[in-house]
Amino acid sequence: MPERVTEKDPEAVRAPAGDLERKARADALERPATVTAPADAAEAIFAVEDVHVFYGAHRAVRDVRLDLYKHHITALIGPSGCGKSTFIRCLNRMNDLIPSARVEGSIVYHGQDLYARDIDPVQVRKRIGMVFQKPNPFPKSIYDNIAFGPKVVGMKGDMDEIVERALRRAALWDEVKDRLKTNAFGMSGGQQQRLCIARALATEPDVLLMDEPCSALDPISTGRIEDLMLELKRDYSIVIVTHNMQQAARVSDFTAFFTVELDPEARHRTGAVVEYAPTEKLFTNPADKRTEDYVTGKFG
Amino acid sequence: MTGAQIAARAATQTTVIPRRSGSERAREGAFRVLMYGAVGLAFVALAGILADALADGLPVLSWDFLTRFPSRILPDRAGIESAIVGTIYLMVICAVLVVPLGVATAVYLEEYADRDRWWNRLVEINIQNLAAVPSVVYGILGLAFIVRGPLSLGNVLLAGGITLALLVLPVVIIVAREAIRAVPPSIREGALALGATQWQTIWKQVLPGSIAGIATGAILALSRAIGETAPLLVIGAAASPRFNPDGLDSQFTALPIQIFVWTQDPNRAFVERAAGAIIVLMAILLLMNSVAIWLRNRYEQKW
Amino acid sequence: MPERARVHYQEELERLENQALGALDLVVAMLDKTLEAIEHQDIELATLVILDDDQVDGRYLEVHQGILSLLARQAPVASDLRVVAALLHVIKHAERMGDQCVNIAKLLPVTGSEPPVQEELRSRVARMGVLARAEVLQAQRAFATRDIVLAEDLVRQDEEVNALNRECFGLVVELGTDADVREWGLTMMLMARALERIGDNAVDIGEQVAFVVSGLFREFTDATHPPRSERELRRQL
C-alpha cells in the first residue's frame, strides 16, 4: 500500500528523476548503501559492518554494511560480477578455501565475530549451511548423503531419525522413503537440489545460505523449492543469491541490490551495495535510480 | 508439393545445403586409409611377435615347466618356478610400497600444496621428468644406494622391490592425481560446507570417489614394472637360481631376468624355453590388464 | 553504459499510456460539443455527445485489458508498476468525465426549446465549462510530462470552478417563483454540478501524477483552502 502522507510532510513528494540521480550518486559516495530498517522489530542474525573482500590485490566487494534478519528471507540481487556470491560465501567462511581471498571488516553472528582468530570455520559451517547453484549430491546413497554432515560434525543421536527429520523438512521424505539406499545420482535435478537442502538441514543449522539454488532447475522444481523456502523460514533464516528478480520479489522479505562499479583507483571492477530495503519497497518505489533501472530491466 | 516435384525442382535449382565436394571426399578417404594403415601396422607387428613366441614357446609349456626350477645345463628339466614366485613377490612388495606413497603424494599435491610456492612447482616438474627416465638409471640408483651405499641391503628381494617401486612411483603419482582431479570441486565444496575438515573431505569423499581410477592406474603401473629387466639386472638379480626366495633378504630372480638369461644361451632349446616364459609373462600381463579394465568399467565414477 | 533492454516492453507501456491519455482528448472533444450544444440549444449535437461516450467506454476497455495483459506478461515493478496502477485510475476518471458530459447532454432537451435565460447563471455555467476543459488538458499534460507543479496547480484552478458552482447555487436559490424558470434554473444547477465533477476528476488525475513520481499518494490541499472535511461536504452537493 502506498503511504498516505499528511499535508505537513512536504518532503514526501520528491524531486523529478534528474535530481534524484544526482542525489543518489552523492549519497552513494558518502554512505554506500541506502538502508531501510524493517517495519516490525525483527531480530538481526548477522550484523555486517564495513566488509571488503579482496582476491589478492583486487577488491571484489567493498563497503558492505547491513543486517540480516532472523526468520526472514533476504535476497541479494545484481548484475554479473557484482560480488553477491562472493559476499554470501563470507557468511560461512567458504572464501577461506580460496588462498588469495581476504576478508576485512566484521561479520557478527550471535554476538561473535565470524572472522575472529579463535573461531573454527568448521564450527561456523555446521551452523550456517549452504546450498549451491548446481545440485551436488555425493555419489552415495540418499541415506549416506544426508548422514554425512551429522557424522563429520559428530552429532549424537539415532542416525535414522536424523535422516528422516531432515528429509521431512525438505519435503522429500514421502518421495524417497522407500529408496533411501539407492544412489542419489538417480534422482531428478529438482529432487537432487532438495536432497542438498535436506543434507544442509541435517546438521541443524539456523541459517541457510543459497547461492542461486534454482538456476539449474525447471520452473516446476523452482516453484517447489520456493514454496519450501517459505515454509523453512519459520525455523531458519535464509539468505539467497538470485539472478531472477521475479524470484527475489516472490520469496524474499528483504532485498539488497549490488552493482558493479569501476574502481577509481585500480582499473578493475568492484561490487557494492546500492540499496537494501524491504522487498516490497524496493520493487514498488526504490530509492536509488540505479536500483530502479535494474529491477525494471532497462539497464544493468 | 509431391516428392517428385521437390526432386525435380532440386535438380534444376542450386541446393540450399551444398553437397560435400569431390576433393573433400578424396581427402577424407586418404585420411581413413592412413589411419587404418597405421593401426594395421601396429597389429601386424604385435601379431608377428606373438606368433613367433607362440610358435616356439607353446610346445614347451607344461605343468612341469611351471613347477621346476631353472637349470643351466639341461633344458628339458628347466622350469620357471623361481622366476614366477620371484616376480609375484616383487609385485607385492612394489605394490605395498608404491600405492600408499603414490596416493599420499598425489593427495598432497592436489589438495594441500599451494601452487604458488616454488618447492611445490619443483616437485611437479620433477615428477613429470622422473616418469620418463630410462629404467636402467633406476637400476643404477638401486645399486648405489639400496644394494650398496647407505642401505646396503645386498642384492635381495627387498632391494628389488624398492627399486621397482621407485621406478613406477612417478607413474602412480600421475595417475592418482588424475583420478583425484576427476572428482569435481563441487563435491569438495559440498562436503566442506557441511562442516567437514579438509582431511574428512579427502578421506570420505575424494578418495572413495577416485579409488577406481587409482586402482586401475596402479595396476597398469605394476604391469609395467613386471616387465622391467634392466634395473633388476643392474642390482644383481640371480640368474637361474634353483630355489624360491625365502624372505625379504633372500636372493631372487624374476621372469624377465630368466627370459634374458635363456635367450643368451647358444643352446636353441633354452631359447625355446625363453619363449615359453615369455608366454607366461604375457599371460600374467594380460590378466593384470583385464583386471584393471574390469575394475574401471565396474566402478568408474561418472560425475 | 549497458545496452537498453526490454525495448518491446517499454514501447508497450508507452502505447498504453498514450491510449489512456488519448481518452482525455476524446473527453475534451465531447466537452466542446456539449458546451456548444448548451450555447446554441442544439439537441442534435447533444445526441452526438451521447454517442461519443461509446468511444470513451471502448477506450476504457482497451486500456483496462492492456493493463491486465502487461501485468500478466511483463511483471512491471517500481516506477513502471506505479504508472500502470495510475493509468487504471486515469482511464477510470476519463470514463467518468465522459459520463458527466452525457449527463449534461441528456439535460439539454429538458430545458425546453425556448428556455428562460438568466444571463448571470448561464454565463457562469459557460465559464465553468471553459475552465473544466482547461483543467482536463492541463491534467493530461501534467501526466504526460510527469510535472508535479502543473498537477498541483490544478487545485487552484479547480477552486475557481468550485467557487462558480457555489455562486450558481446561490443564484438558483434566488430565482423566483415561476415554475418554468425554476425548472430551468435547477437544470442549469445540475449541469454546473456535472462540470464541477469533471474538474474534480481532473484534480484526481493530478494526484496520480504525484503518485507516479514520488510513490506516495497524497490528496492535494493547500493552506489557503478549506480543510478536507468541508470539501467533502461540497462534493455531496
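**Labels and their grounds**

Guide: This is a predicted model. Start with chain B: of its 303 residues, 35% count as buried.

Visitor: What makes a residue of chain B count as buried?

Guide: The cut-off is 20 or more other C-beta atoms within 10 Å of its own. In chain B, 35% of the 303 residues pass that test.

Visitor: How do you know whether chain B has the radius of gyration of a compact globule?

Guide: Set the two values side by side. A compact globule of 303 residues would have a radius of gyration near 19 Å. The C-alpha trace of chain B spans about 90 × 60 × 35 Å along its principal axes.

Visitor: What is the secondary structure of chain B?

Guide: Chain B has 12 helices and 0 strands. Of its contacts with a separation of 6 or more, 74% join residues 24 or more positions apart.

Visitor: How much confidence does the predictor have in chain A?

Guide: The mean pLDDT of chain A is 86, and 85% of its residues reach 70 or more. Residues 1–32 of chain A are below 50, though this stretch has 36 contacts in the model beyond near neighbours in sequence.

Visitor: What does each side bring to the contact between chains A and B?

Guide: Chain A gives 21 residues and chain B gives 15. On the chain A side, α3 (121–127), β7 (128–131), α4 (142–153) and α7 (189–201) each supply at least two residues. The largest share, 4 residues, is from α4(A). By kind, the chain A side has 12 nonpolar, 5 polar and 4 charged residues.

Visitor: Why is α4(A) called mostly covered?

Guide: Because 9 of its 12 residues are buried, by the cut-off of 20 or more other C-beta atoms within 10 Å. Among them are A:Ile142, A:Phe148 and A:Val153. The buried residues of α4(A) pack against α3, α5 (159–169), α6 (173–176) and α7 of chain A, together with α9 (198–226) of chain B. Just after α4(A), A:Gly154 takes a positive phi of about 75 degrees.

Visitor: What backbone feature is noted at C:Ala78 and at C:Arg146?

Guide: A positive phi, though neither is a glycine: about 50 degrees at C:Ala78 and about 55 degrees at C:Arg146. C:Ala78 is in helix α3 (residues 78–107) of chain C. C:Arg146 sits in the loop between α4 (119–145) and α5 (148–173) of chain C.

Visitor: Which residues have the most contacts inside the largest nonpolar core?

Guide: A:Ala198 and C:Leu87, in a core of 156 residues. Helix α6 (residues 179–214) of chain C gives the most to this core, with 16 residues. Apart from it lies another core of 66 residues, including B:Ala83 and B:Leu164.

Note on methods: Residues numbered from 1 in each chain as written. Chains lettered and ligands numbered in written order. Predicted model: local features only at pLDDT ≥ 70, side-chain atom pairs only at ≥ 80, totals over all residues. pLDDT = per-residue confidence, 0-100. Contact = placed C-beta atoms within 7 Å. Nonpolar A, V, L, I, M, F, W, Y, C, P; charged D, E, K, R; others polar. Core = buried A, V, L, I, M, F, W, Y, C linked by C-beta atoms within 7 Å. Rg over C-alpha atoms; globule rule 2.2 N^0.38 Å.
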